[in-house]
Amino acid sequence: MDKKELKEILRKHQLWLNSNWLSGECADLSGADLSGANLSTVNLVDAKFTKANLMGANLSEANLIRADLTSANLIGADLNFSNLIMAKLSDTNLSGADLTDANLSGANLAGANLSYADLTDANLTGADFSEANLRKAKLTYANLRQANFTGANLDEVKVKK
């Protein structure tokens with residue numbers, strides 16, 4: 001996807017949010033190739049990224065509340081300080097992603113690949129990690145209250161410094 005097309009989609013999404021869903025339209029970037037894109041600090045509430053390629057993308061401090069990132073490729077993506085409350089991340093590849101200080105409260109990460117991901121100081125309250133792969137992930141100082149890890153691969157997870 002070229003920068004001009006992405007900019008227009010984001011403009012319409014912002015209009016949609018600012019008008020309380022009366023004008024503009026919700027961003028649908030499903031299947032888009034956004035590898036390496038800079039989306040830091042962008043308001044992407046309710047945006048759709050199903051099966052999108054966001055490998056190495058910068059989403060630091062992005063607002064992704066209720067965003068649908070199901071089956072997306074986020075390998076090595078920068079999501080530090082991002083807001084992913086109630087986001088749909090099932091079957092998403094977050095291998096090696098930086099999620100330090102991210103808020104994943106209530107997020108669905110069932111079946112996601114978080115191997116080698118850094119979740120240091122992340123808020124994981126009530127998040128669903130069932131059947132997820134967290135092998136060698138860093139969960140140092142993360143808030144794990146009421147998170148579901150049923151059937152998750154927790155081999156060599158780091159929870160303390």
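Predicted model: local features only at pLDDT ≥ 70, side-chain atom pairs only at ≥ 80, totals over all residues.

## Ground rules

Numbering starts from 1 along each chain as its sequence is written, and side-chain values use heavy atoms, with hydrogens and water left out.

## Leu6 in the helix

Start with Leu6, which sits in helix H1. Helices here are DSSP runs of H or I with at least four residues, strands are runs of E with at least two, and both are numbered from the N terminus. H1 itself covers 3-18.

Is Leu6 buried or exposed? It counts as buried because its relative accessibility is 12%. The cut-offs, worked out with a 1.4 Å probe on protein chains only, are under 20% relative accessible area for buried and over 50% for exposed, with partly exposed in between. Leaving out residues up to four places away in sequence, Leu6 touches Met1, Leu29, Leu34 and Leu39; contact means heavy atoms within 4.5 Å. Leu6 and Ala27 are 21 residues apart in sequence, and their C-alpha atoms are 9.4 Å apart in space.

## Aromatic pairs

How many aromatic pairs does the structure hold? There are two. Rings of Phe, Tyr and Trp (the six-membered ring for Trp) pair if their centres lie within 6.5 Å; planes under 30 degrees apart are stacked, over 60 edge-to-face, and the rest tilted. Trp16 is buried, as its relative accessibility is 14%, while Trp21 is partly exposed at 48% relative accessible area.

Then there are Phe129 and Phe149, whose ring centres are 4.9 Å apart and whose planes meet at 5 degrees, so this pair is stacked. It links distant parts of the chain: Phe129 and Phe149 both belong to the segment after H1, 20 residues apart. Both Phe129 and Phe149 are buried.

## Salt bridges

The structure holds five salt bridges, each defined as a side-chain nitrogen of Lys or Arg within 4 Å of a carboxyl oxygen of Asp or Glu. One of them joins Asp46 and Arg66, with the closest N and O atoms 2.8 Å apart. Both residues lie in the segment after H1, so the bridge ties together parts that are 20 residues apart in sequence. Asp46 counts as buried at 17% relative accessibility, whereas Arg66 is partly exposed at 40%.

Glu156 has two partners to look at. With Arg135 it forms a salt bridge whose closest N and O atoms are 3.2 Å apart, and this pair links distant parts of the segment after H1, 21 residues apart. Glu156 also meets Lys136 in a salt bridge, at 3.7 Å from N to O, and here the two residues are 20 apart. Shared partners join Arg135, Lys136 and Glu156 into one network. As for exposure, Glu156 counts as exposed at 51% relative accessibility, while Arg135 is partly exposed at 29% and Lys136 is partly exposed at 31%.

## Around Thr125

Thr125 lies in the segment after helix H1 and counts as buried because its relative accessibility is 15%. Which side chains does it reach with polar contacts? One is the side chain of Asn123, at 2.6 Å, and another is the side chain of Asn143, at 3.2 Å. A polar contact is a pair of N or O atoms within 3.5 Å; within protein, one must be able to donate a hydrogen and the other to accept it, and residues adjacent in sequence count only if both atoms are side-chain atoms.

Setting aside its neighbours within four places in sequence, Thr125 is in contact with Leu104, Ser105, Gly106, Asn143 and Arg145.

Most residues other than glycine have a negative phi. Lys51 is not a glycine, yet its phi is positive, about 60 degrees. Lys51 is found in the segment after H1 and counts as exposed, at 61% relative accessibility.

Tyr141 also has a positive phi of about 60 degrees without being a glycine. Tyr141 is placed in the segment after H1, and at 56% relative accessibility it counts as exposed.
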